[in-house]
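Welcome, and thanks for taking a look at this one with us. Here is a short briefing to read alongside the sequence and the coordinates.

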Amino acid sequence: MQPLWLYLHFPNLQLDSYHTLGPSRARPNEQLEPAQDGLETPVVILDMQHGIVQLNQAARFAGIKPYMSLGTAAALHGGLQVVPFNPEIEKQQLSMIAHRLYMVVCDICFFSEQGLLLRVDNMLRLYGGLLQLWNIIQTQLAPLNVEFSFATGSSPLAAKLLALKKWDHITDDPKLMKQALKQVDLTFTELSQKDITKLNSVGVSTVEQLFAIPFSDLHKRFDTQVITYLGQLRGDFKHPVDFFHPAQRFEQYIELLYEIERSDLLLQPLHKVLSNLENFLLLRDELTQELGITLYQRDKENIEFVVGAQQGEYRAKDWLGLLALKLDNLILNAPIVALQLNVKNTFVRSPDKHDLFLGKQGAISRLQLISLLQAKLGDDALFSPMTVNDYRPERASQYCCALTVNEQNPIYRPPLRPSFLLPEPSLLTQHVSIVHGPERISTGWWDHHPVVRDYFIATSEQGQWIWVFKTPDNKWFLQGIFS
Amino acid sequence: MNSTIDQLKNKRLLWQASQVSGAHKTLSSGFDSLDAYLEGGLPEQGVVDISSPIGIGELRLLLPSFVLRQQNSQKLLVFIGAPARLNAPMLVKMGFELSRILIIEPKNAKEALWSTEQCLKSGCCDGVFLWHQGLEVHQAKRLQFAAETGEALSVVLRQQQPISFSLPVALALELAPCPEGIKVTVTKRKGGSHSQPFTVNMAQAWPSLTRQPKSSNIVPLPRFHSLTG
């Protein structure tokens, strides 16, 4: 089967990431009503080198065009909002889109900074056809409110080229794709400006004309980069692509379009992030117990805090309730310009189990409890006690990994022993009266930890029952407590 | 006759002390005298607040009940934040199965409380011992709720500290040393009343860790020579 690629180009990623805007799907010939538009402020994204790179419909209506300089744009509209271009945001947005699409398409590649390449030919049998698949992709993209153009192509570069040209057609007919490709102007291709000028000067301005020239002739005048590009565009050369694998953890950073000074207003952008988290967790059937939130304050240190839900939650609604409580106690020193949500540990949701005879009970099993505790406390906080056949008290009792005790029958059953042992015997510093004893333990001469002690049970003046021993050189130590 | 009272009763706005006492299930503590004072023994679930110095026999008083629990179910017994290392031979001697004992050493009091809550509500622990010095009302409430969810009993041990307020727990005991056992004062019991301090005699269970009291009917001989005429 011929490989078939679908390319999605997102021209306004950063602009679309601002929650206050809701641009409709790309409809090129849309006429905007001035009344509708009047509610929105024109917003542009400014790149230092290229001028205005992204703009919303309101800005377009005001007469602002892409690649216009800031001065001209500001002259066209007084209330223009300018946001600096941030490639980080675009990257995150693109990754978020890729995560969503991964639910329906398996082979996704971050092909450029503003576009995703999808391999669709291997998905057709699953969905029963290209149009059905395209419908599903569209439903995945619809809630994101992002503007995009798309195209299919028989090679990755062809799909990209057609999508950049806003061909906006989905087809698996190679003739149609080839036809469309041939009409594309060379300026849309990834050839360098120098090469395009060179080609133009000999009368080659479209892809069709370029394809007409044999490779061997091109080889004489252009370097291998051009040849490789052309070969890959035509599908003659193999074009290896790296497919993406979704991250196991959820992390999202959003920059706010307006600085927020009141903590209750933060809930709105947070809700958006939490909805994404909900989707992320729902699709994996997982829960999380802890959200890490970072609020970026202007000119001040970031505020970081953690919100926990003991039961484990995934719903945005529940988390928002908890966050609202947390935010109530939060003092903001400076306006918030951005926020980030981190989720470290997630765990698989376990359905509530009911014992028919015992009524309702807590839901988790012994091992789930251990892993839950370990996740929070670390591996070195959980133990189980273990007995070892040894006469030395400090060796007879040991802590081992939680619930991994191999109970062995003790050969030696010691007489009365205290319930607590001090980590190290400490010098006896108080007055005690001896009640029972002595019990002599003299052992360990074979493994270089010799012990010669006379143990006594004693009471302190406060009425505590303690376990003390005397060494041959008449030193007294406290080793245990009979709780 | 007392229609107002009946109405309030029907709406469950009024309760009588007699209704409550039978409602709480108890489990024998292993000491008859304590059981008698507590009308049955330790509560089956909930939080027990113990205020006691270390080493006067507080675990010896409480643990037998948990041995019974461990024998009756397959659940875990958890010790959280113990003041020193628990001695395994002692636990074996008391009758515990070590493979179902979990010891947690949290880094701070907050983590201790968190792990206690998790263990209690998990439904796979029978009992949780927590050493915590300053339990607050809302924390006790949460633990109590978690214990009811997971049908577990939590024992919170703290060293004697006078607290002016009463924690919302099922049972609160104050323990003090005593030569023949341990002196117990019930400071709070759900559905019960306060009692005078009483002594739980441990001479039978722990002969080596008690002292025999001097009987009051033994009068030392007077130190004078009898008149011989």
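Predicted model: local features only at pLDDT ≥ 70, side-chain atom pairs only at ≥ 80, totals over all residues.

Chain A has 483 residues, of which 30% are buried, and chain B has 229 residues, of which 41% are buried. The two chains touch through 45 residues of chain B and 47 residues of chain A.

**The two chains**

- Chain A holds 17 helices and 19 strands, while chain B holds seven helices and eleven strands.
- In chain A, 58% of the contacts between residues at least 6 apart in sequence join residues at least 24 apart.
- In chain B, 67% of the contacts with a separation of 6 or more are between residues 24 or more positions apart.

**Where chain B meets chain A**

- On the chain B side, 45 residues are in contact with 47 residues of chain A.
- Each of these elements of chain B supplies at least two residues of that side: helix H4 (58-72), S5, helix H5 (88-94), strand S6 (101-104), helix H6 (109-122) and helix H7 (137-150).
- Which helix gives the most to the side of chain B that touches chain A? That is H6(B), with eight residues.
- By residue type, the side of chain B that touches chain A divides into 24 nonpolar, eleven polar and ten charged residues.
- Strand pairing also crosses between the chains: strand S13 (residues 382-387) of chain A runs antiparallel to S6(B), and two bridges join them.
- Within this pair, Leu382(A) stands opposite Ile104(B).

**A sheet with strands from both chains**

- Six strands form an open sheet with antiparallel pairing, in the order S16(A)-S17(A)-S18(A)-S19(A)-S15(A)-S5(B).
- Strand S16 (432-443) of chain A and strand S5 (85-86) of chain B stand at the edges; each has a single partner strand, so one side of each is left without a neighbour in the sheet.
- Elsewhere in this sheet, strand S18 (residues 465-470) of chain A and strand S19 (residues 476-481) of chain A run antiparallel and are joined by five bridges.
- Val468(A) stands opposite Leu478(A) in S19(A).

**Helix H13 of chain A**

- The buried residues of helix H13 (residues 224-234) of chain A are Val226(A), Leu230(A) and Leu233(A).
- Why do these residues lie on the same side of H13(A)? They cover an arc of only 65° around the axis, which puts them on the same side.
- Just after H13(A) comes Gly235(A), which takes a positive phi of about 90°.

**Leu4 of chain A**

- Leu4(A) has its place in the segment before strand S1 (5-9) of chain A.
- Is Leu4(A) buried or exposed? Leu4(A) counts as buried because it has 23 C-beta neighbours inside 10 Å, where 20 or more are needed.
- Setting aside neighbours within four places in sequence, Leu4(A) is in contact with Val120(A), Asp121(A), Thr152(A), Ser154(A) and Asp172(A).
- Leu4(A) and Pro174(A) are 170 residues apart in sequence, and their C-alpha atoms are 9.2 Å apart in space.

Key:
Residues numbered from 1 in each chain as written. Chains lettered and ligands numbered in written order. Pairing = 2+ DSSP bridges. Helix = DSSP H or I, 4+ residues; strand = E, 2+ residues; numbered from the N terminus. Buried ≥ 20, exposed ≤ 12 C-beta atoms within 10 Å, placed from the backbone. Contact = placed C-beta atoms within 7 Å. Nonpolar A, V, L, I, M, F, W, Y, C, P; charged D, E, K, R; others polar. Arc of directions from axis to C-beta.
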